[in-house]
Amino acid sequence: MATVLIVDDEEKLRQLMARVIGLEGFEVLQASTARAGLKKLESAPVDVVLCDVKLPDGNGVQLAGEIRARYPATEVILLTAYGNIPDGVQAIKNGAFDYIVKGDDNARLIPLLYQAVEKARQNRSAFAAAPEAKPELSFEQITGQSPAFLAAVSLARKVAPTDTAVLLLGETGVGKEVFAQAIHRASRRSDQPMVAINCAAFSRELLESEMFGYKAGAFTGAVKDKKGILEAANGGTLFLDEIGEMSLELQARMLRVLETGSYFRVGDVQPMQTDVRVIAATHRDLKKEGEAGHFRQDLYYRLSVFEIHLPPLRERKEDIEVLARHFTALFAAQVKRPPLSLHPDFVAWLRRQPWPGNIRELKNIIERGVILAEGNVLGLETLPAGMRGSAGVGEAHPAAFDLAEVEKLHIQKVLRHTGGNKTEAARLLHIGLTTLYRKLEEYRIG
């Protein structure tokens, strides 16, 4: 259950918002002042803060900056009685998720809240893993038998025992982080932490503070020293996912780390030292990005000492059934249901797909199928409604002729599975949250 904190000195409005948000299934906390809001944040984890701009003891725009500095995974939505363009611009600069006008934007509030909650969850998963956390996967647990895949595994095994930087290349969803985990597990640093961060998940300023840490007083809201992931990963492995999204300024600082092991926390004049093995990943062609001036060529050459290209799933056709059976067993165990077999027609359909989302897309299809399967066989009827036509299952299910009715029943089934959690239901349905809300209204699903 996500937690929302409302900070507003208008008690009646605050109580009304709390009631509406509570009906959506969120846990709601309330505060009437900036100081009280910060105390709530200190005492309990909060996903989203709904904050009025004008507070008795402060300004919500400034408070947003302080909250984002101290609790970077928490999202802030600012509320104001009067739209003000400069305030709105500054709010976004301070890291606010959005800035809306009371009354005028009431219809946007709940969908926006769900979006902010989802972003907060992404923030938490993108942050560095706890230093004591161990990567879960080794080479023995990586599934595949195609020649291209086995060649990538062979290269990874050879480089793993060294301290050489590794650059993992491949489309989104091919399993780059899984390879990074396996390389770390097979390295001499396996008893030390592997810390991962997604460079695409943060603004430049937030990524800088997360990477390097900061000194108390470095900026508004920096009330105490903060350890960066370079310090947290010391002695272990640093995994920089989507490094192609890192700003040029931070690239220069990262190059210095790779060359000297030295860096400065934000606002500090004393150098820090770190000993990390760097594994980077990207779906971009960094050589071309460098030639275009979008990525530092010196950093590219420093990272690309050992490149490993992970093939897309469409080039690993012989692995599709193997992966599908692996994920089926995995998700069946998670939801505590008996083992499921795969219907031959379902396997044939899987093999025909282009899989633009690669292994991640296949994994989502199987997870969804395991949830929806009525018997002990995973079949075509578990596919999303939009995919069933191409699977040729309409004739076998007369009800499928009424597409709207099929979609309505399917949405209801997924909502029952998620216990009414609309964000999770939208994820399983592979649609946006606002699209789900529109369909709930269209089909009058309460």
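**View 1. Helices H8 and H10 side by side.** The axes of helix H8 (residues 204-212) and helix H10 (residues 248-260) come within 10 Å of each other and cross at roughly 15°. Axes here are lines fitted to C-alpha atoms, for helices over the stretch in contact, and angles run from 0 to 180 degrees between N-to-C directions. H8 and H10 are therefore roughly parallel (angles under 35 degrees count as such). The contact (heavy atoms within 4.5 Å) involves Arg 204, Leu 207, Glu 208, Met 211 and Phe 212 from H8, together with Glu 249, Leu 250, Arg 253, Met 254 and Val 257 from H10.

A word on what you are viewing: this is a predicted model, in which local features need pLDDT of at least 70 and side-chain atom pairs count only at pLDDT 80 or more, while totals for chains, interfaces and linings use all residues. Residues are numbered from 1 along each chain as its sequence is written, and side-chain values use heavy atoms, with hydrogens and water left out. Helices (H or I, at least four residues) and strands (E, at least two) are DSSP runs, numbered from the N terminus.

**View 2. An open sheet of five strands.** Follow the order E2-E1-E3-E6-E7, with parallel pairing; two strands pair if DSSP finds at least two bridges between them. At the edges are strand E2 (27-31) and strand E7 (98-101), each pairing on one side only. E1 and E2 are joined by five bridges, and Thr 3 has Glu 27 of E2 as its bridge partner. Helix H1 (residues 11-23) packs on the sheet and touches E1, E2, E3 and E6, its direction making about 170° with that of E2. Helix H3 (residues 60-70) lies across E3 and E6, at about 175° to E6.

**View 3. Strand E3, enclosed.** Five of the five residues of E3 (residues 48-52) are buried, so the strand is largely enclosed by the rest of the structure. Buried means under 20% relative accessible area, with a 1.4 Å probe and protein chains only. Val 48, Leu 50 and Asp 52 point one way, and Val 49 and Cys 51 the other. Leu 50 stands opposite Ile 6 and has Ile 77 as its bridge partner in E6.

**View 4. Arg 189 and its surroundings.** Look for Arg 189 in the loop between helix H7 (176-185) and strand E9 (194-198). Arg 189 is buried, with a relative accessible area of 3%. Its neighbours in contact include His 184, Thr 237 and Asp 275.

How values were computed: Buried < 20%, exposed > 50% of the residue type's maximum accessible area, 1.4 Å probe, protein only. Parallel < 35°, antiparallel > 145°, perpendicular 65-115°, else oblique. Lists of a residue's contacts leave out its neighbours within four places in sequence.
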